[in-house]
Amino acid sequence: MTEQEHPSSQQPQRPAQVIIHWEPAPERKPPVTETGVIGWLSKNLFGSTGDTVLTVISVLVIAVMAQVLLKWSIADAEWTSVTNNLRLFMNGRYPVPQIGRVRLILAMLVFLSGLTWYVVGRVPAGVKSKGSPNKPLVWRILDQMPVGAVIVTLILLAILYGVPIFSNQIHHTPTYLYVSPTTERGDFNVAMAFEADDDPTLTLFPADLTAGIPKGFSDTPSADAAGQAERAFNTYQTQLEKSETDESVEPPEPLPDPDVAVTVRVLDANLNEVAVLAADDQETITLPVDIAIDGWYLVTFEISGEAGGYWLEVDTYEVFTSGGETLAPLVEAYGEIPELDGERVEVGDSGFLRYRGSRSFKEFSRLQVGPFFEASRDVVLSVAVITAIGYLAGMVLVYLPKPRMIMQYLWILSLFATIILLRGFNHNEYMAVARLVTGLALMGPALYGYLNASFINREGQEPVLYLGVVIAALAPIGFYLISAPFAMAMAVAGLGVVLIWYALDDRCRRMYLRWMVISLGIALIVYLLAQLALNSSIEEELTFVATDRWGGVVLTLALAIVSITASFPIGVLLALGRRSQLPVIKWFSVGSIEFVRGVPLITILFMANIMVPWISEGLAEVDDVVRAMVGMTFFSAAYVAEIVRGGLQAVPVGQTEAAKAVGMSGWQTTVYIVMPQALRAVIPALVGQFISLFKDTSLVFIIGLIELLGVARTVYQQAEFIGTQKEVLIFIGIIYFIGSYAMSYTSRRIEETGSGAARRL
Amino acid sequence: MIRSAMIWLRHRDSSVPVWRDIRVLQLVGQFIFALAVILVIRELVFNVLDSLEKLERPSPDLLFWDADHFFRDPARFSIHEGYKTESTDPIYLAFWAGIWNTLRACVLGIIISTILGIIIGVSRLSNNFLVRNIAIIYVEIFQNTPLLVQLIFIYQGVFLALPLIQDVLTFPSENLKDGLVQLTIIAGAVVLAVGAITYLRGVLRAQNGGEGPNSAIRGRVILSLAVIGIAGAVLFVLPADIIYLSIRGLVIPALNPTDSFSTWLIFWAVGLLAGGYLWVTRSRLERDTGTPGRPWTFATLAFVVIVVVGWVIVSGAPLSVETPEPYFATRSGGRVVLTKIDGGETISPEYAALLVGLVLYTAAFIGEIVRAGIQAVSYGQLEAAYALGLTKGETLRRIILPQALRVIIPPLGNQYLNLTKNSSLATAIGFMDVFAVTKTLIHQTGRDVTMIIAVMITYLFFSLTISAGMNWLNGRMRLKER
């Protein structure tokens with residue numbers, strides 16, 4: 001196309017000469033406002049006038065909130081209410097000697113999480129195995145390491161271990177004791193447990209109450225001597241001020257001059273003197289005590305005089321709370337507290353005194369951060385190591401056939417192991433469960449054969465098949481209920497097996513045989529384990545721990561896991577029922593789902609709590625925890641049902657029709673065609689429901705269980721931690737946050753990397 | 001029924017044996033299922049009744065309308081907020097007070113959390129980095145921690161940490177008032193200056209052959225000045241120290257209806273009717289002829305005029321303002337201490353904590369719903385709207401919102417349901433909602449089963465009402481298909 005033919009002839013006339021530049025225009029830098037920091041700023045923060053205003057407001061809001069939060073958490077918050085009670089938050093009132101079991105459970109779950117992390121991330125569903133390794137192991141480990149996670153963990157560990165080492169000032173809150181002749185306790189003695197490397201420093205310094213309680217420490221609000229003395233001084237001060245301005249007010253009587261002499265002795269368990277500290281005449285005396293062996297030490301006081309008092313500061317004194325149970329490990333380690341003159345000596349308790357007023361950042365890190373780091377660093381290290389081991393195990397696992405399936409079975413096994421470890425091993429209970437497993441093992445193959453073969457049995461033998469299934473499955477259960485001899489149950493069940501065998505045709509017999517072998521194998525293993533357990537001392541090792549001793553994170557997790565696991569099958573059944581063509585089943589499902597969804601969880605928990613014992617005499621013994629589990633299961637089942645129903649509706653009708661066209665039965669269509677697609681489609685919604693169930697476990701607090709929130713309440717109601725609601729609630733909020741966020745993160749990972757169907761749908 | 005069974009029997013395919021006939025199997029199966037359900041329920045109910053008898057507890061009594069039902073006994077405890085009851089009032093009044101308190105929390109909670117949720121949802125899609133991330137952090141924090149923990153934190157950590165009644169905080173102080181008035185004056189001046197500069201720039205542009213001053217500027221400046229002026233005037237007239245905040249709650253001036261209130265209410269009704277009529281006719285005019293009908297302007301004007309005329313006509317003010325007054329008591333030693341606030345409307349810390357907790361929690365979820373709804377509208381719609389020359393506001397109103405609402409409404413209804421049910425957590429912070437009243441009544445009367453059934457019926461009623469409302473709304477918003 002030439003210049004003349006160009007249609008835009010209305011443009012002003014061009015000059016005759018046309019100069020064409022062949023060299024390209026010099027490259028110019030993009031404007032400063034479009035690239036780099038300035039470009040980012042102008043795009044993301046100062047795009048328009050309104051944007052700028054929003055940015056300014058946001059910055060102001062962030063600044064104010066950050067300032068308030070930092071100031072509060074450094075200067076005013078009492079984080080020792082958290083650090084001193086970490087075990088309480090973790091285990092509640094779980095018996096102290098048995099705590100190892102809880103740790104074992106956590107280790108197992110953490111290990112499995114590490115394993116799952118690798119397997120889910122690397123192996124798509126349906127892949128049988130990863131093939132043979134052809135590269136050196138070290139190279140593969142390095143190649144497949146989650147670099148980001150490892151770096152973050154290493155940095156975290158470096159901080160946790162490094163900070164206490166580099167600032168050796170960090171230690172527990174020193175204990176302060178007020179020593180005064182006016183103390184109601186009079187001559188009092190205190191027992192303390194020291195370890196050999198504790199080497200505490202004792203300091204006696206005069207209590208100058210005219211300046212308020214020194215060092216910013218105060219007693220609990222109860223009438224402690226120091227508080228009384230301070231209040232007396234304050235009253236004196238106000239009256240003095242008033243008398244100076246108001247002539248009608250009499251000046252107060254002058255306060256007595258301090259006159260007190262104190263002798264402090266530290267005795268070891270054999271009542272030998274380890275150190276002596278004596279002070280009179282208002283002086284400060286410091287004495288490092290050399291502790292030779294771990295054990296109990298007694299601190300005795302001799303006080304004489306009329307007025308005034310001393311503070312005894314005991315630094316590097318292991319902090320423990322006034323609860324009787326926290327004493328148990330110390331008594332176990334060092335024996336009973338030695339008696340002095342035939343009298344029991346009270347345990348020195350840091351609860352006497354609490355930090356009061358604002359503190360500097362240095363003191364914040366010394367008194368609040370340090371103990372927390374010390375308490376948590378070993379936990380974090382163990383979790384990191386066990387996760388890594390699980391991750392490595394995952395690398396090995398993917399070379400086995402069907403790694404995902406093995407992983408799923410490991411998770412299911414871990415559930416049983418968790419229950420046994422947490423509750424304790426009871427042989428009779430175990431046998432009862434074993435019998436039920438046998439019954440199901442006999443029923444399972446029959447149902448499986450029925451489901452897959454669906455009437456491809458021998459012509460006209462259906463009644464025999466049904467009869468066989470009923471006898472095979474119900475015989476062990478029925479005999480278990482009337483507690484007849486086990487051999488008789490097995491004999492009758494055998495009859496059922498023979499009947500089923502007779503009714504099936506050749507193809508089904510093969511399938512039946514295969515599943516029979518697998519199920520009986522499972523049953524046999526269960527029995528062998530039972531026999532093994534009978535001959536070992538496992539029943540004494542894993543003593544029974546009643547559910548009312550469960551608490552803290554343990555109880556929260558137990559509630560969540562049990563109700564999630566139990567509510568899922570019920571929910572699926574309800575969803576299928578709601579979609580059923582049969583009116584009775586449909587309306588039963590609709591009624592129960594809508595009823596449960598229409599009322600708050602708390603009313604259901606309340607109802608379960610009150611009414612379960614009345615339903616049957618056998619249930620009268622059921623404890624609160626199980627009642628809560630029942631209530632939460634039914635509540636959650638209704639929501640799961642609605643979610644699964646949504647998934648069922650999302651499966652195109654063509655799928656069902658195609659399944660019917662190839663001759664699948666109704667159950668086959670449901671189990672093999674509709675359900676997998678429906679469930680994959682609703683994974684995110686299901687996880688959302690399980691997250692909200694996890695959060696809803698906090699509601700059992702209202703019916704009086706001591707789960708995480710219940711522990712929080714018991715902590716901030718302890719005399720020494722009154723007024724620390726915010727700290728404690730923030731701490732458990734963080735725990736809940738980590739749990740929920742981990743769940744939603746996993747769900748997102750499964751969606752991204754998991755079964756292809758989840759992505760397609 | 002029998003007849004159809006007979007027909008079915010006669011036409012049955014006799015080659016299929018009975019135990020394989022699917023219809024027989026279905027019928028028998030359903031029958032057995034129904035029988036099993038009925039038997040189990042019967043067993044449960046009888047067991048519960050037996051146990052109650054054994055424990056010598058009164059059996060459940062669901063005939064609430066009966067003259068000698070225990071709902072007519074005195075409640076023996078009083079409720080101090082909302083619909084206030086005395087301890088001599090019958091139980092049903094106490095229960096009603098609980099329902100009223102739940103309603104108070106839920107209705108206000110739903111309204112505020114919707115507004116906040118929309119703000120959060122839009123902020124999550126903002127171009128502004130800070131705004132977007134603040135919204136994300138807000139949503140993550142509030143979605144991933146339990147509501148109960150949040151409620152207790154807000155109650156114990158915020159509202160119970162307010163100053164004691166002696167050190168009550170008062171708003172607005174004289175200084176604050178003066179400051180705010182000065183701020184409005186400055187804001188007015190800035191608006192005026194900006195408007196003038198923009199106008200002058202337009203004039204200059206016009207002289208150089210460009211576009212003249214934007215005609216919309218004048219309207220906007222006048223509107224802004226009017227708003228700022230009214231705000232300044234209100235602040236100036238407002239008396240100081242009328243709001244008191246302490247651990248006992250927030251005390252604000254109360255508006256009490258006077259004798260002429262009912263007369264004035266008639267004017268309100270007339271105003272609403274007239275406004276509605278004008279809105280309908282003017283929108284129809286706009287639709288039919290295409291001339292701008294300004295339906296909202298006409299409707300608002302008519303309403304305001306009629307209400308103001310009503311105010312003038314009825315003798316005296318229809319509402320009297322009762323400002324709270326601090327009450328000082330003299331203690332021993334001549335100390336004068338503020339001991340209580342008289343008059344005004346008190347918002348208890350429990351109510352405030354419940355409302356704030358519910359709103360913050362639900363708004364996080366509503367924010368996510370709103371975001372998903374807006375993101376569900378395809379970008380092409382937006383581009384098409386701009387290509388047609390629609391302004392930003394018109395695009396939002398006519399293109400994005402109608403399509404987004406279709407996605408938003410069903411989950412939004414679920415959130416309203418959740419909020420209503422979650423309000424029962426009020427019992428953990430001592431607010432007397434219907435569940436807390438029920439708990440108290442169970443302790444007082446020992447009638448657990450009856451009370452639990454009553455409270456469940458109440459919540460079912462709430463839930464069904466909200467479901468019905470949201471279904472109706474959903475039906476209206478849905479795309480009309482074949």
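**View 1. Chain B and chain A bury about 4800 Å² between them, with 73% of that area on carbon and sulfur atoms.** Buried area here is the accessible area (1.4 Å probe) that two parts lose on being put together, summed over both. On the chain B side, B:Gln30, B:Asn144 and B:Met456 lose the most area to chain A, together 13% of what that side buries. The contact (heavy atoms within 4.5 Å) takes 53 residues from chain B and 54 residues from chain A. This is a predicted model, in which local features need pLDDT of at least 70 and side-chain atom pairs count only at pLDDT 80 or more, while totals for chains, interfaces and linings use all residues. Residues are numbered from 1 along each chain as its sequence is written, chains are lettered from A in the order in which they are written, and side-chain values use heavy atoms, leaving out hydrogens and water.

**View 2. A:Arg578 pairs with A:Glu594 and with A:Glu642.** Each pair is a salt bridge, meaning a side-chain nitrogen of Lys or Arg within 4 Å of a carboxyl oxygen of Asp or Glu. The N to O distance is 3.1 Å for A:Glu594 and 2.7 Å for A:Glu642. A:Arg578 is buried at 15% relative accessible area, whereas A:Glu594 is partly exposed at 31%; buried means under 20%, exposed over 50%, and partly exposed in between (1.4 Å probe, protein chains only).

**View 3. B:Arg124 and B:Glu368 form a salt bridge at 2.6 Å, N to O.** Both of these residues are buried. Across the interface of chain B and chain A, zero salt bridges are found.
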